[in-house]
Amino acid sequence: MECRAVVSSLSDYLDGRNIWASDDEVEGIETHLTNCPACLNLKLELSELKNAARELPLHTPPLALWTRISNAIEAEVPSENGPARETQNASGWWGWLNSRKFTFSLPQLAAAGAFVAILIVAGISGIFGANQAPLKFQDVRSGLLLPEENEIKANLEHRLDAINARKAQWDSQRRADFEQNMNKIDESLKLCRHMLEGNPNDAGHQEMVRALYDEKRRLLEDVERLKW
Amino acid sequence: MVKETPSPTQSSKSVAKFLSALATGFLALTASASPSGDQNFSRAFAVSPERSELEVVNQAGTIKVTAGASPNKIVINARQSEGAAKIEATQNAMGKVKIEVTGRGRVDFEIAVPASSSLNLLSYQGAIVVTNLAGAVRARVTDGDIQIAGMRSAKVDASCTQGNVSFSGEVLPSGRYTLKSFSGRVDAILPADADFKLSASTFSGGMDLSAFQMKFDKRSHQLVEALHGVGRASIRLWTQEGSIYLRRKP
């Protein structure tokens, strides 16, 4: 499966694996996730979001609100159309969906909104690859996982700022190549930091995070030496 | 056919005077056009075998560096086949030779150096091939492979973002060898009696280290730290998305 297909199926997958997705799809997604750090990262973020939303308190709207909504709906349905439920059944799946009563808490709605936003961002970055905006230092966590991390980040950020200032003069191909490489490293860095957060003393993940920072430094150094 | 210009050593002036004159100077490579439309360049620099140093910064194209017949000369042959890149070759007062390609275009280099030369090579897009040298080597490619073979060097640092990295050669006591690739394969081919401390790390690839019987300090599918012998040399292998192979030299 390609990243785009996996991203669009991730929500179904997280909702319960085989409720919406077929067995083949589930297998395809799981195979892809073991080989694609970027999609795995997205899945972890969505899972986190979902778990966080689940733990939020459920707020029940006051009865008066439901009464007002119900009255408003009834006022819009013309009586000559007959019972709304039957009309909707006749229009198939869409009708069935419309006939269902969905109730969401505010936190659930907020979580769903954030979820859709992540999907849109992931989709856009997948479709268009490198965008024109200056690259920012990609780091979702503010906590330090390595003793020297502040220093490393400051150094990289300083270099990246200087490069971003010159990037407008590059041709589109050069810019796209650079941003693609940077994004790949950033995605991996985010993923490895996430894993290190789960186990801060894991020497293997510490080594990986250091190696990725070093790779990023080398890439920025390349651009400087090439005088782009 | 590549046209080679006379070496500065053929001049009646002393080498010291020559280097001094070039301390701040700039030498364009001599160019000749081939029937295919490619442009060939050549240049030779006198160097001291004890402290011969070469730096190449190339935008796109292959850089091949090997031990040349002359112990006191760096001979550069280059072919420009695409674009309109500008090639500059300079030598500073310490004798260090620097070749720099600017602008867009592909330039392939074949460079002969004294075996003891130190190298610092960068190609953004294209391979780097280094053979039969004994000096320190730093090779960096963003998109392309790195092959370092027949080495007898105490310091090798080869890394690429997209591409494979391979090293074969002696492992000297107190030597430091770093081979890295973000997304590519890393190969180290070492003598059976090599004495080294290994650190090998991969995020999503595999590792085949079975060619050497090692004493493992740490061993997981992502990180291995081990000793072969007493661990005199340091070998560091890393890839994020590729696999690592440690093999014995036949």
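Okay, let's start with one residue. Glu207 of chain A has a relative accessibility of 15%, and because the cut-off for buried is under 20%, Glu207(A) counts as buried. Keep in mind that we're looking at a predicted model here.

So who is Glu207(A) paired with? Its salt-bridge partner is Arg236(B), and the closest N and O atoms are 2.7 Å apart. Glu207(A) sits in helix H10 of chain A, while Arg236(B) is in strand S22 of chain B, residues 233–239, so this pair joins two chains. Arg236(B) comes out as partly exposed, at 26% relative accessibility.

One more bridge between the chains: Arg225(A) and Glu55(B) meet through their side chains, 3.1 Å from N to O. In total, the rule finds nine salt bridges across the interface of chain A and chain B. It also finds 17 residue pairs in polar contact there, both partners being at pLDDT 80 or more.

Let's zoom out to the interface as a whole. On the chain A side, 29 residues are in contact with 34 residues of chain B. The two chains bury about 2800 Å² between them, and 49% of that is on carbon and sulfur atoms. Three residues, Arg218(A), Arg225(A) and Leu226(A), supply 24% of the area chain A buries against chain B, more than any other three residues.

Glu221(A) and Arg159(A) meet through their side chains at 3.9 Å, N to O. Glu221(A) is in H10 and Arg159(A) is in helix H8, residues 149–167, so the pair ties together parts that are 62 residues apart in sequence. Both ends are buried: Glu221(A) is at 16% relative accessibility, and Arg159(A) is at 17%.

That pair belongs to a network of salt bridges, which also links residues including Asp214(A), Arg217(A) and Arg218(A) on chain A, and Arg138(B), Asp157(B) and Lys180(B) on chain B. Over all chains, the count comes to 27 salt bridges.

Finally, chain A overall. Its secondary structure comes to ten helices and zero strands. Of its 228 residues, 35% count as buried. Among contacts in chain A with a separation of 6 or more, 71% are between residues 24 or more positions apart.

And how confident is the predictor about chain A? The mean pLDDT is 73, and 58% of the residues reach 70 or more. One stretch to look at in the viewer is residues 79–91 of chain A, where pLDDT stays under 50. For that stretch, the model has six contacts beyond four places in sequence.

Note on methods:
Residues numbered from 1 in each chain as written. Chains lettered and ligands numbered in written order. Heavy atoms only, no water. Contact = heavy atoms within 4.5 Å. Buried area = accessible area lost by both parts, 1.4 Å probe. Salt bridge = Lys/Arg side-chain N within 4 Å of Asp/Glu carboxyl O. Polar contact = N/O pair within 3.5 Å; in protein donor to acceptor, adjacent residues only side chain to side chain. pLDDT = per-residue confidence, 0-100. Helix = DSSP H or I, 4+ residues; strand = E, 2+ residues; numbered from the N terminus. Buried < 20%, exposed > 50% of the residue type's maximum accessible area, 1.4 Å probe, protein only.
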